[in-house]
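Look at the sequence and the fold side by side. The paragraphs below walk through them.

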Amino acid sequence: MLALSHGIRVITFDGPLLDATGLSELFILEDIAGKWAWDHGDDREGGDVRASEIFDIVGGTGIGGFYAILFSLNMTIAQVITSHKIIQNIVFSSDEWGRKDAVECAAVLKIALARIVEDVGLDIDLDGPFLSKDSLKCFICVLNDLNVGRARALRNYRIRSSTSPRCSIREAIHSTLADGTHIPPVYIHDEQFIRASSNFANPSYELMMELSAAFPKGSELACFVNLGASCPRHLRLLTGESQEEQARRVRHTEAIAQNLIALYNGLGACYFRLSVVKGVKRSTLQPDDNVVRVVKSLTVGYLEEANVPIQVDALVEALTKRHGNVSLRRLGSLSAEDGAAKLNTQVGTVHDNVAQMKKSMDAEIYGKIRTWLAPINQTAKLDACIRAKSSSTCGWLWDSPRVVEWKATGGIFCLFLFVLSRSVGTGKVILASHVVEALKNLTDECFVAYYYFEFTNPSTLSEDAFLRSIVSQLSYANKNILFQLHEDHKSGLLQPQLKTLLITLHELVIAATRPVYIIIDALDEFLPPGRKNLLESLLELSSLAAGGVCVMANSWDEVDIHEIFSGRVSLDFAIEKEIVRHDIVTFIDQQIAAKKWQSWPKDVVARMRNVLIDKADGM
């Protein structure tokens, strides 16, 4: 690698949620290039400038990766804008896109790329190698579709140590546009790749860590430009994502930018983030509006907002510096523990910010995978039961002589606590919720999962729904198991079968370092034959966990339930009338203690109390 005569100048393009809004990144670059040309005595418009004239390396993800590849082919900014419009009109047509299958979309992409080569007048072979000695360095973030938690890189340059597969220009473009649904993954040397804009929408951190490998030792960073784009609130979504998902993704990409602003500003004020997030959020763009026209208007408005012109001027000035502000050696120390510690003393909480960024990314991926698993929401039912429960009730369970004896023999960390009922209306659901609430207060001592079977909610009455919900709740025991389940199913393109869900539940229980509690309400409402399979599956759990498993289920005294668990439970007993009498008395006393009864004659209130207790008959 030859040493540069100036500080390294970097530009990255985000992969926005809606590809159409990526145009704002190009319009911002057009403005920067126009000012850069003016300062160099060049009378060209910004659109006539090539990124290779200004920058030493370009990076991107999603549609931003598409821009980066085109700039590495020596296109002008205007030509890349034209190329985007061709992709938008041919590939992402709002009228046709939803009706195309994956094979059709791949064919349409091929047609669009051929049109770009023809209209722009490129003298290149798209099936030729992406690797090029003479081009602007290009770094693309993509994902292996079986491991969406880790970014992979496609490069058009060599580095000393690389797992980056060699590919053609066409394959590089395909991989950065493939969403795995509309445009299928691309195979490169037996690996499948898709765009990384779902998990790595802002590629700045990945490219920052790449610089020391891409440039000679002793090089300095002069300017790092990161361009982003949000999504208008009212634009019809071609991505199939909800507005909430959009907002989450925008917050994520901006959070990465804010961490890098803190990092680079602490090292010499060389990082510049420009994104039309604010302007786009104020948009009232309608589905039938001209996307290009509106995005252009929003971008121009953003570039005229307070402080933005000042930031652009500072950016252009940094681009003209012969020397950089930060050595790559110093920048590379971020990855070393001692270097990170030293850097932390200089830029305050940057190390914590980067760690928090990684933690935030993991949390978002974890949340997305749990959503993919589609568990039944049990929290609302639990909250409703806890609100309905009177204080000082259900305490009899822990004070029951049989439970006290069972706990004394270590039962709380062993097999099954079963509460069977032969009566209607004895408050089984409240009792189950009381147990859940008590155990959830011991989160540092155990893992808790719970499930309510309900006749009135048919979606709860299946083994599939039960396993999805329990696996989702117990995944806190080892999140990597859930990540692996997701990867094994084409990163969410497929759904797990019952057998796989059961195996995953076993793996989670085995991995648990603390006791596992599973509380099941109204087991009898899950009818045969599915109930038999579930009961046998629960029995298999008893010997798996290192810390122990405790399953508490309440049910009517059904024959098949009794037969399967006969001789295999640590404790079973019936909730008879006398057991719950104390709770009934407590509830009635709390009600008649209310202010509205205070004016009643005491003897009348006493008689009313006795009648209510007697007539309750255990209900």
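This is a predicted model: local features need pLDDT of at least 70, side-chain atom pairs count only at pLDDT 80 or more; totals for chains, interfaces and linings use all residues.

Residues are numbered from 1 along each chain as its sequence is written, and side-chain values use heavy atoms, with hydrogens and water left out.

Start with confidence. pLDDT is the predictor's confidence in each residue, from 0 to 100. Its mean over the protein chain is 76, and 71% of the residues reach 70 or more. Over residues 231–241 the pLDDT is below 50. That stretch still has 39 contacts in the model beyond near neighbours in sequence; a contact means heavy atoms within 4.5 Å. Residues 334–351 also have pLDDT below 50, with 22 contacts beyond near neighbours in sequence.

Now the overall make-up. The protein chain has 25 helices and 14 strands. These are DSSP runs numbered from the N terminus: helices are H or I with at least four residues, strands are E with at least two. Of the 619 residues in the protein chain, 52% are buried. Buried means under 20% relative accessible area, exposed over 50%, and partly exposed in between, with a 1.4 Å probe and protein chains only. Take the contacts with a separation of 6 or more: residues 24 or more positions apart account for 79% of them. The protein chain exposes about 28,300 Å², and carbon and sulfur atoms supply 52% of that area. Accessible areas come from the Shrake-Rupley method with a 1.4 Å probe; for residues, only the protein chains shown count as cover.

Next, strand β2, residues 57–61. Five of its five residues are buried, so β2 is largely enclosed by the rest of the structure. Both faces are covered: I57, G59 and T61 lie on one side, V58 and G60 on the other. What does β2 pair with? Strand β1 (residues 8–13) pairs with β2 in the parallel sense, over four bridges. Two strands pair if DSSP finds at least two bridges between them. F13 stands opposite G60 in β2. Strand β3 (residues 137–144) runs parallel to β2 and is joined to it by five bridges. In β3, F139 is the bridge partner of G59.

Turn to the nonpolar cores. A nonpolar core is a set of buried Ala, Val, Leu, Ile, Met, Phe, Trp, Tyr and Cys residues joined through side-chain atoms within 4.5 Å. The largest holds 97 residues, and I32, F66 and F71 touch the most other members. Helix α1 (residues 23–39) gives this core its largest share, nine residues. Leaving out residues up to four places away in sequence, I32 touches V225, L227, L274, V312, L315, V316 and L319. A second, separate core has 42 residues, including W372, F453, A465 and L534.

Helix α19 (residues 463–474) contains Q473. With a relative accessible area of 16%, Q473 is buried. Not counting residues up to four places away in sequence, Q473 touches R370, Q378, V448, A449 and Y450.

Finally, the cysteines. The structure holds zero disulfides; a disulfide is a pair of cysteine sulfur atoms within 2.5 Å. C167 counts as buried at 9% relative accessibility. C223 counts as buried at 0%.
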